[in-house]
Amino acid sequence: MPTTVRERAPAISLEGDWRFRTDPADEGVEAGWYDPAAEWDDGRTVSVPHSWQEADDLRQYTGAAWYRRTFDFDALDDSERALLAFGAVDFEATVWVNGERIGDHRGGYLPFSLDATDAVVDGENTVVVRVHDPEDISEIPHGKQGAPWYTRVSGPWQRIDLLTVPETYVEDATVTPDLDDDTATVDLSVVGDAAGSEATIVVEREGTTVATTTIPVEDRTASVTVNIPSADYWTPDSPALYDLTVELDTGETVDTYEDYFGMRSVSFEDGELFLNGEPFTMRGALDQAFYPETYYRPADLETFEREIEAAKELGFNLLRKHIKPAHPEFVELADRMGMLVWEEPANPKVYTERSKELFREQLRGMIERDFNSPSVIAWSIYNEEWGIGHHDDEEPLWTDEAKQDYLESLYEETKSWDPTRLICDNSGWAHVATDLNDYHEYFVAPDRVDAWRDRLDEMVETPGGNYGDARTDPEEAPLLVSEFGTWGLTNVSALEDHYDGAPHWFAHDFLDGMKRPGDIHSKFEASHAAGVFDDVDALATAWQRREFQSIETIIADMREHDGVAGYAITELTDIEWEFNGILDYLREEKAFHDDFARINAPVMLHLEPTAPTVWAGESITADLVVANETHDPVEFDVRLSIGEVETVKTVALDAHESVRVEDAIVADAPAVDAIEDVPVSADAPALERIATRSVTVVPQDDPAAVATSTAGKSLPALAVESPVLADALADRGYPVVDDHAEADVSLVADPDAADGTALVVPDETGHVAATDAFDVTDLPETESWNLCASFVYQDLLEGVDAVPGWAFADLYPYGYVTDTTDADDVGVGYMEGWLENDGAVVTTREDLGICTLRVTGAYGDNPIATRIVDDLIATLA
């Protein structure tokens with residue numbers, strides 16, 4: 001394992017100013033740019049750590065670039081060696097010291113060191129680094145940098161240091177804890193002539209020695225198991241660390257090596273997760289660790305500390321560091337602050353012998369670097385088949401037996417490298433051999449809440465369905481939903497203020513469709529949403545409410561379900577154009593911050609009204625759902641209220657138990673003259689949490705009253721294509737006729753069937769028929785990343801929020817109108833992502849009304865569906 005600054009203090013930090021120049025013709029080696037005397041007149045000064053994409057004019061640059069700086073150094077003793085230690089350089093690095101090439105390295109994410117002993121001199125030294133990051137990165141592990149995702153990253157993006165070590169030194173010390181007998185096995189590797197040497201191992205806890213022993217070093221290795229009496233176990237709530245010191249003695253102490261470790265175990269059995277032998281439920285977030293201006297690292301490393309603090313405040317106990325090895329500074333803070341980490345390597349794009357070789361090197365290097373970190377409890381190998389079957393015409397992992405054999409072999413090899421942690425073979429789906437049966441499920445609620453709940457039951461009942469070929473037992477592996485989430489537009493003004501204008505990534509040429517942020521203000525002004533919201537920021541605040549309405553339900557459902565061992569939401573923060581974070585890209589809170597902490601807390605408090613809409617005078621009922629994921633029983637009072645009605649329930653739960661109190665509160669819906677939201681709340685003072693929802697109450701107006709109030713007319717005659725809708729309209733008092741020519745309004749699937757004014761509605765299954773009268777784009781009926789990025793808004797019904805949320809439950813459309821114009825009177829609108837794919841769910845144009853909400857089978861029973869249809873009929877008549 002390469003020596004890094006975690007174990008040794010640098011003799012000289014080489015962070016700071018370097019000279020930098022690009023080499024588009026790749027002539028630098030032949031021209032001798034590595035020579036200290038070479039002229040670099042066309043260079044510029046940059047600050048390392050550095051990615052050259054930080055410069056506006058280099059964001060698209062790929063190929064070779066050079067870095068150079070000088071440093072003063074005192075002569076080495078005869079017994080010392082000098083190492084240049086690099087945290088990470090993306091992608092290939094070649095290094096010269098004083099014109100002498102000392103080595104090279106490939107791989108963009110992990111540390112390496114090069115021996116500079118024979119090249120350094122007493123006095124001024126010049127170090128030159130040539131970095132090559134090619135345009136084609138398809139075989140190179142690169143994660144989500146570049147098309148179609150985020151900004152490319154190239155260069156020495158982590159620290160560079162000069163270290164001095166003795167001729168014989170400890171290169172690595174790995175510690176494997178065993179909580180069965182409270183011991184820790186220390187394995188040493190030594191560089192140099194270690195014949196006859198001894199290593200003294202000292203383990204301390206908060207300055208007190210708990211174990212010490214001296215062992216011989218043989219063949220430059222040594223191993224010993226030491227007792228850790230009355231061991232303090234590492235947990236997120238109590239991140240106990242032990243300090244390790246290794247003194248290497250060859251007659252005298254020649255080297256001292258320091259690190260730390262934690263007494264922590266992680267395991268699984270019968271579908272459950274265990275941390276230190278105790279049941280454990282994962283409450284995680286995807287964390288892509290991408291930052292404004294500096295990309296793979298924050299401009300201020302204290303940002304890592306603030307992120308972990310924020311994650312803990314939000315109730316998370318784990319961060320899934322997505323699609324690249326975590327920054328080592330972050331991992332150390334996670335160790336010290338108590339945040340579990342699930343790491344995974346960066347992926348290539350294609351499946352070739354070269355990509356597999358580079359990928360395997362990175363995977364093993366990541367495990368070696370972070371082996372002693374107790375916060376890290378899981379490694380992913382691949383993610384969503386990226387690099388193992390997802391690209392273009394490659395056969396998918398689901399069906400490719402050769403890839404399945406390869407992945408099973410890599411899983412077993414990874415287990416041999418680290419038998420102490422959980423291994424996920426291919427995060428998301430098509431598992432083969434895995435400790436974690438994780439799913440990526442992008443459902444939006446309430447739009448597709450029934451489909452989500454059906455899918456959740458299906459996952460739990462048939463876990464083997466998530467395997468391409470089950471080489472490990474699906475029933476044994478814990479079931480996790482390690483990606484899910486909903487978008488909530490960021491505060492665009494704050495972004496523009498931060499960047500002093502539009503961010504550069506607004507104009508990425510590889511972004512299109514809903515991912516394209518450019519021209520957002522003009523898109524807003526051209527959309528129907530401009531008639532509903534004051535500006536883009538008002539729209540963003542409303543969209544964030546929708547984000548929480550969705551993820552609150554998804555999380556509560558998983559926490560209540562016995563078959564789910566945990567989750568990791570997408571994601572902790574927004575990333576450039578991808579605005580599905582709990583925090584925004586600037587790490588600021590979104591509108592629902594405190595509510596999210598409630599639903600994600602170790603003890604969850606959640607309210608679920610039985611019916612989100614009721615008629616005035618009917619009963620409002622709500623269930624109380626509580627989940628206790630602590631190790632102790634809990635008992636507390638909950639004060640529930642609906643309007644002026646209050647009741648108190650005492651809730652008692654065992655450790656790791658959830659309970660649903662059905663009909664926890666019941667009250668009569670008030671008599672109302674107009675649609676009104678009635679608040680429902682649950683206050684648990686012991687938790688310092690309040691859960692709130694609302695139920696939409698609709699007055700019991702008959703259609704004649706609606707028609708009179710809307711247009712001053714009597715009830716119109718209707719011709720209705722759907723027998724179910726015809727019967728429901730007749731029951732409401734409408735005159736229903738068979739002949740369209742006799743109808744004032746025809747309710748049809750195709751307006752060509754009408755003879756005059758028509759209201760187009762879906763069929764009884766909720767689908768809108770294709771017609772030449774308008775263009776309809778179908779929407780997915782189950783899981784959809786695009787639907788999770790969609791936004792439905794309305795100003796059709798007074799008394800219903802602009803973000804209708806649960807008021808439109810069971811009605812959300814399976815399609816929407818895309819050919820709207822300024823002449824359309826849009827009552828319910830639809831858009832996706834960065835205000836793209838704008839259209840209408842409900843609109844009227846002259847004598848034609850179109851409603852894609854699934855009202856046909858709901859009319860008469862569903863108060864909102866009934867009111868919408870009544871209003872549209874009255875308007876058209």
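1. Salt bridges. In this predicted model, the count of salt bridges comes to 57, where a pair is counted if a side-chain nitrogen of Lys or Arg lies within 4 Å of a carboxyl oxygen of Asp or Glu. One of them is formed by R81 and D115, whose closest N and O atoms are 2.8 Å apart. Since R81 belongs to strand β5 (residues 80-86) and D115 to strand β8 (residues 112-115), the pair ties together parts that are 34 residues apart in sequence.

2. The hairpin of β6 and β7. Strand β6 (residues 92-97) pairs with strand β7 (residues 100-106) in the antiparallel sense, and 6 bridges join the two. At this pairing V97 stands opposite E100 in β7. The hairpin leaves 2 residues between its strands, and N98, which is in the turn, has a positive phi of about 55°.

3. The sheet of three strands. An open sheet is formed by 3 strands in the order β18-β19-β20, with antiparallel pairing. Its edge strands are β18 (266-269) and β20 (278-280), each of which pairs on one side only, and the twist from one strand to the next averages 45°. Between β18 and strand β19 (residues 272-275) there are 4 bridges; in β19, L273 is the bridge partner of F268, while E272 is the bridge partner of E269. The hairpin of β18 and β19 has 2 residues between the strands, and here D270 takes a positive phi near 50°.

4. The sheet of eight strands. A further open sheet contains 8 strands, which follow the order β25-β24-β23-β22-β21-β28-β27-β26 and pair in parallel. The edges are held by β25 (422-427) and β26 (437-440), and because each has a single partner strand, one side of each is left without a neighbour in the sheet. Neighbouring strands of this sheet are turned by 25° against each other on average, direction ignored. Within the sheet, strand β27 (residues 479-483) and strand β28 (residues 566-569) run parallel and are joined by 2 bridges, with L480 standing opposite G566 in β28.

5. The negative surface patch. Which residues form the negative surface patch? The patch is made up of D300, E302, E305, E309, E313, E588, E589 and D594. Helix α2 (residues 302-313) gives the most to this patch, with 4 residues, and E309 is one of the patch residues that lies in helix α2.

6. Backbone points to look at in the loops. Most residues other than glycine have a negative phi, and most peptide bonds are trans. Against that background, the peptide bond from A445 to P446 is cis, with omega near 5°, and P446 is placed in the loop between β26 and α6 (449-461). Another cis peptide bond joins T570 and E571, with an omega of about 10°; E571 lies in the loop between β28 and α10 (593-599). I323, a residue other than glycine, has a positive phi near 65°, and I323 is found in the loop between β22 (318-321) and α3 (328-337).

Key. Residues numbered from 1 in each chain as written. Predicted model: local features only at pLDDT ≥ 70, side-chain atom pairs only at ≥ 80, totals over all residues. Heavy atoms only, no water. Pairing = 2+ DSSP bridges. Axes fitted to C-alpha atoms, helices over the stretch in contact; angles between N-to-C directions. Patch = residues over 30% accessible without salt bridge, like charges linked within 9 Å, V, L, I, M, F, W, Y side chains within 5 Å. Areas by Shrake-Rupley, 256 points an atom, 1.4 Å probe, with all protein chains shown as cover. Lys, Arg positive; Asp, Glu negative; His and termini not counted. Charge placed at Lys NZ, Arg CZ, Asp CG, Glu CD.
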